[in-house]
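Please read each point with the structure in view.

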Amino acid sequence: MEVSNALSAVRQAVKEATQGLVERETIVDLILLSAVAREHLLIIGPPGTAKSAAVRRISQALGGKYFEYLLGRFTEPSEIFGPVDIRKLSEGVVETATDGMLPEAEIAFLDEVFLGSTAILNTLLGVLNERRFKRGHTQIDCPLRICVAASNHLPEDETLAAFADRFLVHCFVEPVADAQLEELLRQGWWAATHPPVKSCEIKLLDTLAEQARQADMSLVQPLLAKCVRQLRKEGIQLSDRRVVKAQGLISAAATLAGRSQPTEADLWPLLYAVPTRENQESAREILSDALRHCENDALSAAAEAAANSPAARAARLAEKAEALLQEEASHERRSRLEALGREIDAGFAPDALPERLTDLRQRLQDALTQHEASQGE
C-alpha cells in the first residue's frame, strides 16, 4: 500500500480512538508516534485517569493483537509471558506456551510496571529492546509494535530508573480539569457503549515506520543539536542514546504529518524524550523559540502540548472544528459550537487568525445560525 493511503487509514484510526476520551488525545497521539518510531511509551499519572482506556481504544481501532496486564509484587513471569508447555516438558524440552501472551502481542499495556519482579523486568528488557523473547528453549521474534507502560510515579530506585529510561517517550497525565467535568461525564457515558470501529490494519504502521526510517535528517539535525545544547546549558541533561533516538520520533512525526523530510515543524517530540515532568516543563520554556513553528495535523494534541505554538494550536482547533461540523444538529452540538468559537477567539487575535481557521470559524457561525433558524420554525 502507498504511504499516502496508509497515512489516511491510520489518521482515521486515531480519530476513532479519541472519540469518547477527554484530555487524553495526547496519549493517543504519542502511542501512534511511538509505534511508527518503533519506540515505547511510559505514562505517569494517578490511578483512574483513563490510561488503559486510551491504549485499549487505539488498539481496537488499529486491530492489532492486544495484551494487557496489571502487575503486582507477586505476579509470576508465566502470567506475562506464558506457562511452561507441559506437553513439551514431558519430552524433556523446556518451552513456553506463548499463545495469547505478551510475546505474541502487537500492542501491549502493562499497568504498574515497576511492581514487576526482577525476572519479569529482565525478560521484558529483551522484548522491548530486541523484540525477541528468550526463555529456556523458546526463542521467538515478537511482533510487538509498541509497549505502553504505566505507573503512578517515576521510580527512585536506580535499577528501576534505568528500566524506566528504556521507554524513550514519557507522558505525564493529571485528572480531568474541573471545567471539563460535564464533557467527561457525557463522553464517558457515550464511550462505554461505543467501542472504536476497526478502521485499518496494524501492518500499515510498518509502512509508515519504513517511510520514517528512510527520511533525510540533514535539514533538522543542526536544529536538534542546537536544542540539545540549549537544554544542556540550562542543566537539563539528555543521554547520548536519548538524543540519537529522538531523531526517530522527529522522523515519525514528519511522516505522520505527510512530510518526506523533517523540518523545524517536527522538533516537538524532543520534549517527550525529556524524562521528568519538571524538566519537561522547563524544556518547554527553554525551547519556546525553537518550537514556535511546530505543528502536526495528525498529532495535533501532542504537538500543541509540547510546543504551545500558534501553529500547533491552530492545527488542533481546526481538527476539532472539522469533526464538530460533521456531527448532526442537536442542542448539545450547539453548545459545543459556541464553546469552540470562543476558544478560537481566545486563542488568536482577529488579525492573526490563520486562513484555515478563518474559514472554519465562519462555518461554525453559519452552523449556529442554521440551528437558531431551525428552532424558530
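1. Within β6, Ala149 is the bridge partner of Leu42. This belongs to the pairing of β1 with strand β6 (residues 146-151), where the two strands run parallel and are joined by four bridges. The model under discussion is a predicted one.

2. Leu42 also has a bridge partner in β7, namely His170. Here too β1 is joined to its partner strand by four bridges, and β1 and β7 run parallel. Strand β1 (residues 41-44) is covered on both faces: Leu41 and Ile43 are buried on one side, and Leu42 and Ile44 are buried on the other.

3. These pairings belong to an open sheet of five strands with parallel pairing, in the order β2-β3-β6-β1-β7. The edges are formed by β2 (66-70) and β7 (169-172), each of which pairs on one side only. From one strand to the next, the twist averages 15°.

4. A separate pairing involves strand β4 (residues 132-135) and strand β5 (residues 138-141), which run antiparallel and are joined by four bridges. Asp141 in β5 is the bridge partner of Arg132. The two strands form a hairpin with two residues between them, and Gly136 in the turn has a positive phi of about 60°.

5. Which residues of the largest nonpolar core touch the most other members? They are Leu41, Leu256 and Trp268, in a core of 73 residues. Helix α2 (residues 25-37) supplies the largest share of this core, with nine residues. Apart from this core lies another, of 27 residues, which includes Leu42, Leu110, Val113 and Phe163. In soluble globular proteins, nonpolar side chains tend to be buried together.

6. Leaving aside residues up to four places away in sequence, Trp268 touches Leu33, Ala253, Leu291, Cys294, Glu295, Asn296, Leu299, Ala302, Ala303, Ala306 and Ala307.

7. Not counting residues up to four places away in sequence, Leu125 touches Glu130, Phe163 and Arg166.

8. Asp85 is located in the loop between α4 (77-81) and α5 (86-90). Although Asp85 is buried, it has no salt bridge. What is the nearest side chain of opposite charge to Asp85? That side chain is Lys88, at a distance of 4.6 Å, and a salt bridge requires a side-chain nitrogen within 4 Å of a carboxyl oxygen. With residues up to four places away in sequence not counted, Asp85 touches Glu95, Thr96 and Ala97.

Technical notes
Residues are numbered from 1 along each chain as its sequence is written. This is a predicted model: local features need pLDDT of at least 70, side-chain atom pairs count only at pLDDT 80 or more; totals for chains, interfaces and linings use all residues. Side-chain values use heavy atoms; hydrogens and water are left out. Two strands pair if DSSP finds at least two bridges between them. Axes are lines fitted to C-alpha atoms, for helices over the stretch in contact, and angles run from 0 to 180 degrees between N-to-C directions. Buried means under 20% relative accessible area, exposed over 50%, partly exposed in between (1.4 Å probe, protein chains only). Lys and Arg count as positive and Asp and Glu as negative; His and the chain ends are not counted. Contact means heavy atoms within 4.5 Å. A nonpolar core is a set of buried Ala, Val, Leu, Ile, Met, Phe, Trp, Tyr and Cys residues joined through side-chain atoms within 4.5 Å.
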